[in-house]
Amino acid sequence: MSWLVGAPVILPLAVAALLFVLQGRREAQRVISTASTALLVTLSAILLYRVSEGGILVAQFGEWRAPFGISFVADHLSAIMVVITGVMAVATAVYALRDIDPDREALGYHPLFQVLLAGINGAFLTGDLFNMYVWFEVLLIASFVLLTLGNRREQLEGGIKYVAVNLVSSLVFLGAIGLVYGVTGTLNMADLAIRLPQAPGGLVSVIAMLFMVAFGIKAALFPLFFWLPASYHTPPQAIAAIFAGMLTKVGVYALIRVFTLLFVHDVAYTHTILLWIAGFTMVTGVLGAAAQNDFRKILSFHIISQIGYMIMGLALYTPLALLGAVFYIVHHIIVKANLFLVAGIVRRYAGSFDLDRLGGLYRRAPFLSVLFLVPAFSLAGFPPLSGFWAKLVVVLAAADVGAWPIVAVALVVGLLTIYSMTKIWQAAFWSPLPDGVELAPRPSGLLYAPVIGLALLTLAIGFWSGPFLAVAEAAATELMDPTAYVRAVLGDAAAATIGRTP
Amino acid sequence: MNSLILRSATQLLLTILLLFSFFLMLRGHDLPGGGFIGGLVAAAAVALYAIAFGYRAAQAMLRISPRALVGWGLLAAVASGFLALLQGQAFLTGQWWIVELGGGAELKLSSPLLFDIGVYLVVVGTILTMLFALEER
């Protein structure tokens, strides 16, 4: 079964290689790239099914045994993330068929998109810290090129900020990896779960903080988020959507992984810091959004505020809170990417993202207005949409442990999110068209397909939240007790030594 | 650059450099060398040719676009991993085929070799893509 664990990475890599060879044959590239994402989501779904039926799956590349070789581990959290990557891949690949211009395709959009997918899935599945660094670099390089493809001035400006800050993050990450190896002599995460508790606590806390900074930059946490709104409004919408959906979530995933599996020696210290960061992230993100007047910049700032909710779930570190964090990630990826895709269609109509130059879309395109309302209301947390359940679970988890200040912050930020969404609604859809602006005819139906699909998924998560919550609960249970993870990678004897001091 | 000495020397050196790059690549399994360094030497050989005869001549000599080389190299590297799957082993597990050449000599072919050839092609392709892009400016 081990090939299945590697499949979500190997498939996009192989397709990327094929697409490089087919460079210049646009139609073939479009067909293969789009079809492969359908295969990717199918394989990922099978992987999640197998994991939920038979427990954690492990692959050892080259048949080098753990902890010496590189392990790929698919537990519930990894499998969920891989499935949602597949869903996003299909949605943005279909959207890209009408959104990415032939120039960008000639420059290599299709192979780079596949490399990006391989990097994201690699980061989700690997069970080795250094290998995770490698996948972070793969996705960073691919995303940097995708961001600047087309060479427009604002793209380069955003791209340089993006890559400079992310390289700092990589550097901190690499330094932290070096320290971990120096302290424990291993980088296999399951092995580390056994050995880190035996290391001096103060030193481990320092290393934990380095990881928090490195992944905090990737996840756009307060106060390290500034690269995100500086760059996410520059590329075409198909690229911005997969960035907005997936890239910060790779950082969130990495934080959840290391702060449940590796750094749980002093939860009262590390996770309290995370809770403060979560609160500040929510507030600064939502206030930043309120100050913006550009469709995409508002959405970019809202990524930041929503990341705060996920980190809040992690910081509370109870089964319910982690369940909420996992559920929140899934809900948010779908909703946020969808809003970026809707913004792209709005621009086709009105030729701008500037809210002052938008208007009258409700009269002209009522269906699009509904398609905007579903993810917008879900993001703001209106019952019974997916965002309501996500917010409800993390807030309940906070109330359970009596963390009332963060409950208050979460609720106020939710209100301000409604303000931002109604601002877009008011300016772009409800208010009359400003003078001198002409609306273009309805854009291609193919652009609507992924938006409709993601909106239906949002509704499905809202109305039939049971199965989704059950999978998230399974993920949370595994995260709270790493024994199963260690046993799957290293065997029974090693798992028995968890938490034992030498 | 229009220099008779450079052109004459390049025609000789090109062959030697390319042969040396293959040698480095094949040597790399147990000794210093490998696909990466071999690819760099091969790219240097083509770069020398481009300096002596102009980059259009170098492109014509290559016959294949450097980007396609990157693609074929990646394909070779990924394919070397799939060979193990066909044997029912984990992805990337090394596969060996030993060919008897008679007289006690044997030729060891392996999936790591295929992987290294892939790396070689990717490096040549990447460096030449950059080089030609700079030349076109």
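Chain B has five helices and two strands, where helices (H or I, at least four residues) and strands (E, at least two) are DSSP runs numbered from the N terminus. Going along the sequence, the order is α-α-α-α-β-β-α. This is a predicted model, in which local features need pLDDT of at least 70, side-chain atom pairs count only at pLDDT 80 or more, and totals for chains, interfaces and linings use all residues. Residues are numbered from 1 along each chain as its sequence is written, while chains are lettered from A and ligands numbered from 1 in the order in which they are written.

**Chain B overall**

The C-alpha trace of chain B spans about 55 × 35 × 25 Å along its principal axes. Of its 137 residues, 34% count as buried; that label takes 20 or more other C-beta atoms within 10 Å of the residue's own, with exposed at 12 or fewer, partly exposed in between, and C-beta atoms placed from the backbone. Contacts here are pairs of residues whose C-beta atoms, placed from the backbone, lie within 7 Å. Among the chain B contacts between residues at least 6 apart in sequence, 64% join residues at least 24 apart.

**The hairpin in chain B**

Strand 1 (residues 96–102) and strand 2 of chain B pair in the antiparallel sense over six bridges; pairing requires DSSP to find at least two bridges between two strands. One such bridge links B:Glu100 to B:Glu106 in strand 2. The two strands form a hairpin with two residues between them, and B:Gly103 in the turn has a positive phi of about 70°. How many of the six residues of strand 2 of chain B are buried? The number is zero, so strand 2 (residues 105–110) lies largely in the open.

**Helix pairs**

Now for some helix packing in both chains. Two packed helices are described by the angle between their axes and the distance between the axes. The axes are lines fitted to C-alpha atoms, for helices over the stretch in contact, and the angles run from 0 to 180 degrees between N-to-C directions.

| Helix pair | Angle | Axis distance |
|---|---|---|
| Helix 1 (residues 4–27) and helix 2 (residues 35–53) of chain B | about 170° | 8 Å |
| Helix 5 (residues 109–125) and helix 6 (residues 129–148) of chain A | about 150° | 8 Å |
| Helix 9 (residues 201–219) and helix 11 (residues 237–262) of chain A | roughly 155° | within 7 Å |

For orientation labels, angles under 35 degrees count as roughly parallel, over 145 as roughly antiparallel, 65 to 115 as roughly perpendicular and the rest as oblique. Helix 1 and helix 2 of chain B are therefore roughly antiparallel to each other. Their contact includes B:Leu13, B:Leu17 and B:Phe20 from helix 1 of chain B and B:Val41, B:Ala45 and B:Leu48 from helix 2 of chain B. By class, this contact has 18 nonpolar, four polar and one charged residues. As for the classes, Ala, Val, Leu, Ile, Met, Phe, Trp, Tyr, Cys and Pro count as nonpolar, Asp, Glu, Lys and Arg as charged, and the others, Gly among them, as polar.

Helix 9 and helix 11 of chain A cross at roughly 155°, which makes helix 9 roughly antiparallel to helix 11. Helix 9 of chain A brings A:Phe211, A:Phe215, A:Lys218 and A:Ala219, and the residues on the helix 11 side include A:Thr248, A:Val252 and A:Leu255. The tally is eight nonpolar, two polar and one charged.

**Where the chains meet**

In all, 17 residues of chain A are in contact with 16 residues of chain B. On the chain A side, the elements giving two or more residues are helix 1 (2–21) and strand 1 (57–60). Helix 1 of chain A gives the largest share, eleven residues. The chain A side divides into eleven nonpolar, five polar and one charged.

A:Leu57 lies in strand 1 of chain A and counts as buried, with 20 C-beta neighbours inside 10 Å. A:Val407, in helix 18 (residues 404–430) of chain A, is partly exposed, with 17 other C-beta atoms within 10 Å. Not counting residues up to four places away in sequence, A:Val407 touches A:Val395, A:Ala398 and A:Ala399.

Notes: Two residues are in contact if their C-beta atoms, placed from the backbone, lie within 7 Å.
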